[in-house]
Each structure stands twice: as structure tokens, then as C-alpha cells.
Amino acid sequence: MSGSEGRAMRALVERLYPLCRSLTGDGVRETLDVIAERIPLERHQVASGTEVGDWTVPREWNVDEAWVADVDGRRVVDFREHNLHLVGYSRPIRERVTLETLRAHCHSLPEHPDWIPYRTSYYDEDWGFCLRHRDLEALSDPEYDVVIDSRLEDGELCYGELELPGTSGREYVFSVHVCHPSLANDNLSGIAVAVELARWLGARERRNGYRLLFIPGTIGSITWLARNRERLAGLAGGMSLVCLGDPRALQYKRSLPGDRPIDRAAAHVVERRGGHVIDFMPYGYDERQFSSPGARIPYGSLMRGQHGRFPEYHTSADDLDFIRDDQLVDALEALRELVGILEQNRRVKSLVPFGEPQLGRRGLYRTLGGEADPAEASMAMLWLLALATGEHDLLAIAERAGLAFDVVARAADRLRDHGLIEDLPEESASG
Ligand code: ZN
């Protein structure tokens, strides 16, 4: 199962990697087309110039070709070789420029001379190239021909959405970005994990609703919020999924309130997998927009390497070799566990509260067929019976017991089926 999921996620990343994505444009459309082959994606188009919140949907950007050539016509940088070579949203230009002018429009990484950086110029009109520092240093002709055959014109912003309704009236959002060009960990790993998560969610019965958003950075979540104000009241939480394929352990960045069901569930899952939890900060991904005062959705972020904090970030070294199938699968499994908690968490109340109920008589004492670890399962029952006052939810009991949530949830099912505890709704649960 996990082998085939790993292969499916890898295959998706490999197909999406060469496409030139940006905030808008054909690369985003093609990306959504590929995703729509795996899940029933709903597509949205919002016209350039549309006001969304305090922002305006930008003009659409597409590129036919972009290169720099020396006066003999030899191309020294070519967008066709790597789409990171062109600064995103570069305006068109066809000019012979001095080396000095060219250098003023070039970006490189002296500390990693063989890596191409990733740069954009979304909201001010400029042009530029990104190249290996080694190649930049080698430029020595007095003049170069610069050609950027790009189109910045009225078009649309496209994003994809998948709504998977539930019955509880609560909905959780998972968002990923579809705006980066050839970068594997940043964007594509999150897309691949989100697609597999959506397939799994779509095939199971759901208490909660789930919504998956495939959107460009910043303007995407701002656009979604502007168009979905009426949905906000039903949103119980969410998280952005980013950089999930690199070799590091999982990290969960808490939502702004920090202690909501989504935070508690994520912390439980991530910490039990050897990862860590960090506090909210107003920098990062969609959590910035969903946390804003008008929305105030508890919105966290699941990642491995943190944006800006690993050397390969936003460079050509974030390539297909940088991400690992087993790390993608591990992230997917963590998210399934998290959903399991959101689905099953509830408070429990003992129906036999004066002294322990006699478990042996009911076949519940150390005779738990089907449990991988019967001693652990027994301990889960004893903790449940000890804490089944109606104040604590299963996740709090699992944390207190130092046991995995699913062990406690299965024990709670068993005690309920034997009439020893009753379920109470999750609402008003204390931690
Ligand atoms: Zn990025």
C-alpha cells in the first residue's frame, strides 16, 4: 500500500516538475489539469483586475521564450534549460544591454555557485534572470542581447478546490500552493501529499467536512477568503501543507490561538513521530491569511524543512533528488492519523463510576484478541475508566496515558460496546 502510494506521489511530482508555474498562467492550468486526473477538482477562474480583499488579481503572465546571448549569438542563459532562469513575472524585453546593466538584473548564489536561485517580481514591473554564480562570473563580453518574450495581459487567476462534505457541520481545510516553477519540495511535495490525502478522504465515511485548496501563494488564499466569507463560520481549522519530502523530521507550526483541536491533533501526531511543534508566527503560508482578524480560522502549517531555513530552499537544488518517497508517505500517514483524531475524538463518561468495573467477567482483561500490544490496550482501558468523567476527551486521555490516540480510541469503542462508558460530543471538551 505505502509502496504504491509513494510511487504515485513520486510520479505526480515528476510530471509537475517541468511545468512553469507562477501566480497565474498556463503552468497553473496544466498543473490543475494533471491534479484533476487523480481527484475531482473544481476549477475557479477569477479575472485579472478583480478586487479581492485589499488586493487586486494580477495580470496573467505567460512566457514563450527568454534568453541572454553574447554578440556571437551564443546563448549564455536560456529559460528552456531551466524555468528558474527567468525571474517570475518578468516583463517583456528585447534589447542589447551592457554587461553592467545585465548584471544588475541577474541573481546568483555566490555561496552555492552551481545552484540557480528562484526569484519573482510579482508586484512591480521588472525583468531579470537567475543563474549559476559560476556562469555569471564567466560573463565577460561588453554587451549581451536580452530577449524575454513574455506576456503580461488581462487574463485570470486559476485555482482548484475539492469539497468533501461531512455531517458534523465542522469543516477543515488543507491548502497547498501551485505557484512555484521547478521546485520539488516547495510546492510539489505538498501537492502530491494533498492529492493522495484527498483520494483517501474521498473514499471514507466522514464526520467532518474537508476542503482541499490548490492555490497560488498569498493572492490565492486572499482570493478564496474574499469569495467564501459565508463559509468561514463553519471552518473549524486548517493547515497549509508545505515542504513535506525533504529528509527532515515533521514540524507543525501552531495556529494563532495554538490550542484548538487541529493543533492538539497535529501536536500529538507529529511529536509521536519524533517531530516537533513550533509556535505561530505571522510569516509563512496560508496561515497568514486564514488567521487575519476577519477570518480567525485556527490555521497551522505542516512541514519538514522550514521556509528560508534550509540551504536548498528556493534554489535549483530543491529538485527531484532532494525529496524522498518514504518521507512523502510518512507525511501522508501523519495526516491520516490527524484526520483519524479529528474524526473520532470525543469525551467519554463512565456508566459504572463507583470502583472499577469487573473487566475479566466481560472478557476485557488481558484477553484482547486482535490487539498488537494487549498490555498497552489494557492500559488504555484503565486510563479511560480512570478519566471517564465526561470532562476529558480521548486525545487528552491519550496524552495523559502516553499512548497513541488510536489505541485509546479502540479501547474506548470496546468499553462503549460493553456498556461501560458513554460517548459525549467533543464540544466543550476540556484539554
Ligand atoms: Zn516557496
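User: Is Gln289 buried or exposed?
Analyst: Gln289 is buried, with a relative accessible area of 14%. Buried means under 20%, exposed over 50% and partly exposed in between, using a 1.4 Å probe and protein chains only. This is a predicted model, where local features need pLDDT of at least 70, side-chain atom pairs count only at pLDDT 80 or more, and totals for chains, interfaces and linings use all residues. Residues are numbered from 1 along each chain as its sequence is written, and side-chain values use heavy atoms, with hydrogens and water left out.

User: What does Gln289 touch?
Analyst: Leaving aside residues up to four places away in sequence, Gln289 touches Thr218, Ser221, Ile222, Leu225 and Ala295. Contact means heavy atoms within 4.5 Å.

User: New topic. Which residues coordinate the zinc ion?
Analyst: His180 (NE2), Asp186 (OD) and His314 (NE2) do, at 2.0 to 2.1 Å. Donors are N, O and S atoms within 2.8 Å of the metal (3.2 Å for Na, K and Ca); water is not among the atoms, so sites may look incomplete.

User: How are the donor residues spaced in sequence?
Analyst: The spacing is H-x5-D-x127-H.

User: And are His180 and His314 buried or exposed?
Analyst: Both His180 and His314 are buried.

User: Which residues touch the most other members in the largest nonpolar core?
Analyst: Phe174, Ile191, Phe214 and Met239, out of 80 residues. A nonpolar core is a set of buried Ala, Val, Leu, Ile, Met, Phe, Trp, Tyr and Cys residues joined through side-chain atoms within 4.5 Å. A second, separate core has 43 residues, including Trp61 and Cys179.
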